[in-house]
Amino acid sequence: MNRQDVTEMIITAKRKKGLKWADIAKKIGHSKEWVTAAMLGQMTLTKAEAEKAGKLFGLDKEAVQILQEVPYKGSLPSAVPTDPLIYRWYEIVNVYGTTIKELIHEEFGDGIMSAIDFSMDIERQPDPKGDRVKVVLSGKFLPYKTY
């Protein structure tokens, strides 16, 4: 059994039980964004968190143990994603990536935005022209060091 197998077991159980990620997050005890990433194989769970997930999804001991292992991060199957929603994020970075980089460097200096010391919030915003997706990404600025 590997992490992808556990992810598939979780997705199958989620579907069969009619669960939503927000409900799962409440049971695990973190944000829906972090818990979704964890259940999809991108985060490491503590023993207590993994046991909660195991109980919720009916996972065996081996699967619960795998949830506690540091995963191989990065889950896209190809360099250019083909899923339309994920591709749009790729498109956003292609179109606005240099703008984001330029503005971060102008405001903060030479460095990066951390994806480790990071949080994300996704919410629905009603709009008469069609509901909007609001995504807030917040990462610690890490300056490059001179040595």
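Visitor: Of the contacts between residues at least 6 apart in sequence, what share joins residues at least 24 apart?
Guide: That share is 50% in the protein chain. Keep in mind that this is a predicted model.

Visitor: How much of the chain is buried?
Guide: Buried residues account for 23% of the 147 residues. The accessible surface is about 11000 Å², with 57% of that belonging to carbon and sulfur atoms.

Visitor: Let's zoom in on I104. Where is it?
Guide: I104 sits in helix α6, which covers residues 84-108.

Visitor: Which residues does I104 touch, leaving out those up to four places away in sequence?
Guide: I104 touches G109 and F141. F141 is 37 residues from I104 along the chain, and their C-alpha atoms are 8.9 Å apart.

Visitor: Why isn't I104 called buried?
Guide: Its relative accessibility is 22%, and buried means under 20%, so I104 counts as partly exposed.

Visitor: Switching to charges: which residues form the negative patch on the surface?
Guide: The patch gathers D5, E8, D60, E62 and E69. E8 belongs to helix α1, residues 3-17, and counts as partly exposed because its relative accessibility is 44%.

Visitor: And over the chain, how far apart are the mean positions of the positive and negative charges?
Guide: They are 7 Å apart, for 22 positive and 20 negative charges.

Technical notes: Residues numbered from 1 in each chain as written. Predicted model: local features only at pLDDT ≥ 70, side-chain atom pairs only at ≥ 80, totals over all residues. Heavy atoms only, no water. Patch = residues over 30% accessible without salt bridge, like charges linked within 9 Å, V, L, I, M, F, W, Y side chains within 5 Å. Areas by Shrake-Rupley, 256 points an atom, 1.4 Å probe, with all protein chains shown as cover. Salt bridge = Lys/Arg side-chain N within 4 Å of Asp/Glu carboxyl O. Lys, Arg positive; Asp, Glu negative; His and termini not counted. Charge placed at Lys NZ, Arg CZ, Asp CG, Glu CD. Helix = DSSP H or I, 4+ residues; strand = E, 2+ residues; numbered from the N terminus. Buried < 20%, exposed > 50% of the residue type's maximum accessible area, 1.4 Å probe, protein only. Contact = heavy atoms within 4.5 Å.
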